[in-house]
Amino acid sequence: MDKEKFQREYLINASKGILYNCLSTPSGLSEWFADDVNIRKDVYTFLWDGAGEDARLLTKKREEYVKFKWLETEEDDDDKSFFELRIKIDALTGETALIVTDFAEEDELEEAQLLWDSQVDKLKRILGS
């Protein structure tokens with residue numbers, strides 16, 4: 001089944017630097033995204049309930065974005081196995097937003113979006129946002 005790209009945007013009351021730390025470091029990611037996160041070179045191991053999934057850090061730009069590709073699908077040519085966490089500052093209001101880009105199969109799309117909503121709510125609580 002083909003995966004569909006989706007984006008979610010969340011307003012976050014935090015500085016770019018603090019938010020970027022939560023998105024790009026193992027300690028920051030383990031606060032809200034996974035139970036624990038380990039890193040070896042550019043491969044992050046995300047642990048949930050004792051089970052791990054590996055993702056390669058494809059690219060990052062300080063205080064702007066991080067992009068990961070799940071390793072079990074790294075051989076796929078379709079480029080639909082990555083997720084990106086991007087920080088955007090509104091030019092008019094100065095508000096900070098987190099933009100999540102991910103992919104899910106059509107019958108799992110709503111569940112994937114709700115999962116991101118839940119994870120980002122946890123991030124907001126940690127940041128006091």
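**Talking through the chain**

Tutor: Start with F46, which is buried at 0% relative accessibility. Keep in mind that this is a predicted model.

Student: Okay. Which ring pairs with F46, and how is the pair arranged?
Tutor: F33 does. The two ring centres are 5.2 Å apart and the planes meet at 80 degrees, so the pair is edge-to-face. The cut-off for that label is over 60 degrees.

Student: Where do F33 and F46 sit in the chain?
Tutor: F33 is in the loop between α2 (26-32) and β2 (36-40). F46 is in strand β3, residues 43-48. They are 13 residues apart, and the pair links distant parts of the chain.

Student: Is F33 buried or exposed?
Tutor: Buried. Its relative accessible area is 6%, and the limit for buried is under 20%.

Student: How many aromatic pairs are there?
Tutor: The count comes to 16.

Student: Let's pick W116. Where is it found?
Tutor: In helix α3, which covers residues 109-127. W116 is buried too, with a relative accessible area of 5%.

Student: What does W116 touch?
Tutor: Leaving out residues up to four places away in sequence, W116 touches F6, Y10, W32, F33, F83, L85, V100 and D102.

Student: And how many Å separate the C-alpha atoms of W116 and L11?
Tutor: 13 Å. Along the chain, those two are 105 residues apart.

Student: Let me zoom out. How many helices and strands does the chain have?
Tutor: Three helices and seven strands. Read along the sequence, the pattern is β-α-α-β-β-β-β-β-β-α.

Student: How compact is the chain?
Tutor: As compact as a globular protein of its length, because its radius of gyration is 14 Å, close to the 14 Å that the globule rule gives for 129 residues. The C-alpha trace spans about 40 × 30 × 25 Å along its principal axes.

Student: What share of the residues is buried?
Tutor: 40% of the 129 residues count as buried.

Student: New topic: contacts. What share join residues at least 24 apart?
Tutor: 47%, among contacts between residues at least 6 apart in sequence.

Student: How far apart are E4 and F103?
Tutor: Their C-alpha atoms are separated by 5.3 Å. Along the chain, E4 and F103 are 99 residues apart.

Student: How exposed is E4?
Tutor: Partly exposed, with a relative accessible area of 32%.

Student: What about Y65? Where is its place?
Tutor: In strand β5, residues 65-70. Y65 counts as buried, at 16% relative accessibility.

Student: And what does Y65 touch?
Tutor: Y20, T59, K60, E84, L85 and R86, again not counting residues up to four places away in sequence. The C-alpha atoms of Y65 and F33 are separated by 15 Å.

Student: Where does K41 lie?
Tutor: In the loop between β2 and β3. K41 is exposed, with a relative accessible area of 80%.

Student: And what is the phi of D49?
Tutor: Positive, about 50 degrees. D49 is not a glycine either. D49 is found in the loop between β3 and β4 (51-61).

Student: Is D49 buried or exposed?
Tutor: Exposed, at 76% relative accessibility. The cut-off for exposed is over 50%.

Notes:
Residues are numbered from 1 along each chain as its sequence is written. This is a predicted model: local features need pLDDT of at least 70, side-chain atom pairs count only at pLDDT 80 or more; totals for chains, interfaces and linings use all residues. Side-chain values use heavy atoms; hydrogens and water are left out. Helices (H or I, at least four residues) and strands (E, at least two) are DSSP runs, numbered from the N terminus. The radius of gyration is taken over C-alpha atoms; the globule rule is 2.2 Å times the number of residues to the power 0.38. Buried means under 20% relative accessible area, exposed over 50%, partly exposed in between (1.4 Å probe, protein chains only). Contact means heavy atoms within 4.5 Å. Rings of Phe, Tyr and Trp (its six-membered ring) pair if their centres lie within 6.5 Å; planes under 30 degrees apart count as stacked, over 60 as edge-to-face and the rest as tilted.
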